Amino acid sequence: MTDQRGFSRRGLLGAAGAAVATGVAGYAAHSVLAGEESQAADTTGPVEFHGTHQAGIVTPAQDRLHFATFDVTATKREDVIALLKEWTAAAALMTAGRDIGQYGAVNGPGEAPPEDTGEAVGLPPARLTLTIGFGPTFFNRFGLKDKRPAALVDLPHFIGDNLDPNRSGGDIAVQACSDDPQVAVHAIRNLARIGFGTTVVRYSQLGFGRTSSTSKAQTTPRNLFGFKDGTNNLKLEDTAKLEQQLWVQPEDGPDWMVGGSYLVSRRIRMTIETWDRTSLSEQELIVGRGKGTGAPLGKADEFDPIDFEAKNADGELKVAKEAHIRLAHPQFNKGAELLRRGYNFVDGSDGLGRLDAGLFFLAYQRDPRKQFIPIQNQLARSDVMNEYIRHVGSGIFACPAGVKPGSYWGEKLFS
Amino acid sequence: MITITARRATAVGAVLLLAGLTGCADDKPAASDDGTGPVAVKASDSECSLSRRDVKSGTSTFSVSNGGSKVTEFYVYAEGDRVMGEVENIGPGLKRDLIVELPTGKYQAVCKPGMIGDGIRGDLTVTGEAAAQIDEDAVLKEATESYQRYVNSQAVALEQKTTEFVTAVKAGDVAKAKELFPISRTYWERIEPVAESFGDLDPKIDARVNDVEPGTEWTGYHRIEQALWEKNTTAGMAKYADLLLVDVKTVVAKAKVVKLNPLQLANGAKELLDEVATGKITGEEDRYSHTDLWDFQANVQGSQAAIQALRPALQKRDPALVTTLDTNFKTVYASLDKFRAGDGFKPYLPTDAERKELGRVVDALAEPVSKVAGVIAKK
């Protein structure tokens, strides 16, 4: 340990272990690294923390997730504001690939515990994004009653919901996405540490593989049913549609949410064991796509438009009436779309000798009342996939617009 | 009088005519058998004696008298417990006939006092002209017809037992209703994939409280279950009891004329085990009464009935799979036996270890069962 003292996260990575004797590791500029590492820039570089919108929404979906929600235990408004300021500063550092604090992980005084927990030392920024959202319960206190957006409704009970309160809700949610799992875990861990005394972790969820692409430059990944997921997702390049479907507009209100978005999280357990015993043709009928190509049934390529009218020789619809892609499609949901950003998870086993596996569904949208809720009502009612999935956790959060330098997460909400 | 439409099967097909409740059991000794008439079956809580165990190929009649104190069932099984014919729900003191067409071969005659377990078994030999070799298509056709006979017999019993349950609920007899709840559900659970294929009847009959859409009324078995066990009352339940019977009668009418194909049998067998794996082992199905194991057993029995109907075809195409299936069905029943109490089961409040054990044996069975469809589909 001692021989690492004085090495910043950047120093270790950069000049072959040469000491960077700034003593203020956290403030070492990191953009240099991004340049140096340009060959691998796709997965190692930093994503700008500040901006019009929060990063981690249209950012091309990273491979790993660590999501956590927090309950606020503090009772004073100023304590909450102080925490949000401290979190924002830490988030800006960590997303830039730096240690947090003045001295970071290994440069501080020997008598004190390190400010940064240290497991990201030597790792690149790995496209870390940190995205914050406020849940309905947050607005019951701190003089925020009137600030709760009308669109931040309590989600209704959907048919078949089997929600565990310990995996649902939360006053504040933080989504950490990165191409390196340890970088994502490091971020949530350090925020949780900063929060002690003000917040307590309600639950946290790791995701090991993305199940959506949010950019046309990305290939479509597969979920644990083995199917391509998110083919028709809203994407970064659909700029006009993003204004229409994703970002809260000035006419929507409230002011503090303009440029923000609403996040719905659902922990969806998949009974993969029973799914795996289902015949290939039935799996494809349930989804409405070919398992290999991801093409809509009756089509050849993944991105071919879906023909909802086409029938096979027996006169039956090729994409069945209750197929997942039909029920979830904007055409059957008054044009409503979502920006999905979910992740595969396997959280050990369930005590029955089965994997506790599924999809941690994350979807951003302009108004859940017009998007997630009606879509999910339709799916819960009719989707033939329901036999193999169960919604066991749920959350809804108002994610404000991006942070400008010098500002902090939620400043407009508290002003 | 109960009549089930007879279906003329293939040359070797067994035809079941369930001809009626003919009053009280007579006391004629089983010995007075001249070798040509009906086979007299004396069933009690501990015996299952036949007036003869050798019959001629073709149509045979078994007159089953229940001299015991438990409701009994009588089956004629071909190899691997493939149901050739059965008569269900024979109450104490009653006599019922089973008319069944049996080709030459070795069978077992089985009484199941209390309608559970392996039953009391004895050999039955059918002699006469050997059946002609039949082709693959005919084997599969017979499979579906055999399973349709099973669905029919279960549907009839479902209507009877649900009628009794509904009557008890409406009479305010909480104890009787509690006793009949798992019994009537047994017949439902055995043929649930068939019932599920009739659209919205399944949610109306069998929805759990969290399956109900806001704004829709919760009806069916579990609504009444909640009142019986949570509140120990039938108050306010008459309306739901009436509705349940109407819906069950609709299912029964549809089930009696349903046309199935061999792949549907195979998939139905798999789906029944999925039901066990996801709903029963967790204890979500009967969360107030904790009678989940009755449903569990019924699902497994229903799955087995479908698989055994396919057995002749499977035996030809993949005998090793048949052996695995036989072994794994037995293992599941053996695990269930650990929870027996009287004619039923202990309340299902398992330890983590017990739950895991049940999960393990069901998964071990469901995996080979899921392979049946592929084997059947192969030409």
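Reader: Which way do strand 5 and strand 8 of chain B run, and how many bridges join them?
Author: In this predicted model, strand 5 of chain B and strand 8 (residues 94-102) of chain B run antiparallel, and eight bridges join them. Within that pairing, Phe62(B) stands opposite Leu98(B) in strand 8 of chain B.

Reader: And which way does strand 2 of chain B run with strand 5?
Author: Strand 2 (residues 39-43) of chain B and strand 5 (residues 58-66) of chain B run parallel, with five bridges joining the two. Val41(B) has Val64(B) in strand 5 of chain B as its bridge partner.

Reader: There's an open sheet in chain B too; what is its strand order?
Author: The order of that open sheet of five strands is 4-10-9-6-7 in chain B, and the pairing is mixed. From one strand to the next, the twist averages 20 degrees.

Reader: Which strands stand at the edges there?
Author: Those are strand 4 (54-56) and strand 7 (82-90) of chain B; each has a single partner strand, so one side of each is left without a neighbour in the sheet. For strand 4 of chain B, the pairing with strand 10 (residues 120-127) of chain B is in the parallel sense over three bridges, and Asp54(B) stands opposite Thr125(B) in strand 10 of chain B.

Reader: Switching to helices, at what angle do helix 8 and helix 10 of chain B pack?
Author: Helix 8 (residues 292-309) of chain B and helix 10 (residues 319-337) of chain B pack at an angle of about 165 degrees, and their axes are 11 Å apart. Because of that angle, helix 8 of chain B is roughly antiparallel to helix 10 of chain B. Their crossing is left-handed.

Reader: Which residues make that contact?
Author: From helix 8 of chain B come Leu293(B), Phe296(B), Gln297(B), Val300(B), Gln304(B) and Ile307(B), while helix 10 of chain B brings Leu325(B), Phe329(B), Val332(B) and Leu336(B). Sorted by class, the contact of these two helices has eight nonpolar and two polar residues, with no charged ones.

Reader: What about helix 2 and helix 5 of chain B, how do their axes cross?
Author: The axes of helix 2 (residues 174-190) of chain B and helix 5 of chain B cross at roughly 145 degrees and come within 11 Å, and this crossing is also left-handed. The contact involves Val174(B), Ala177(B), Lys178(B), Phe181(B) and Arg185(B) of helix 2 of chain B, together with Tyr221(B), Glu225(B) and Leu228(B) of helix 5 of chain B. By class, that contact has five nonpolar, no polar and three charged residues.

Reader: How many residues does each chain put into the contact between A and B?
Author: Chain A contributes 16 residues and chain B contributes 20 residues. On the side of chain A that touches chain B, three are nonpolar, eight polar and five charged.

Reader: Okay, and what are the confidence scores like, including ipTM and pTM?
Author: The model scores ipTM 0.73 and pTM 0.80. Chain A averages a pLDDT of 90, with 90% of its residues scoring at least 70, and chain B has a mean pLDDT of 85, with 89% of its residues at 70 or more.

Terms used:
Residues numbered from 1 in each chain as written. Chains lettered and ligands numbered in written order. Predicted model: local features only at pLDDT ≥ 70, side-chain atom pairs only at ≥ 80, totals over all residues. pLDDT = per-residue confidence, 0-100. Contact = placed C-beta atoms within 7 Å. Nonpolar A, V, L, I, M, F, W, Y, C, P; charged D, E, K, R; others polar. Axes fitted to C-alpha atoms, helices over the stretch in contact; angles between N-to-C directions. Helix = DSSP H or I, 4+ residues; strand = E, 2+ residues; numbered from the N terminus. Parallel < 35°, antiparallel > 145°, perpendicular 65-115°, else oblique. Left-handed = near helix turned anticlockwise from the far one by under 90°. Pairing = 2+ DSSP bridges.
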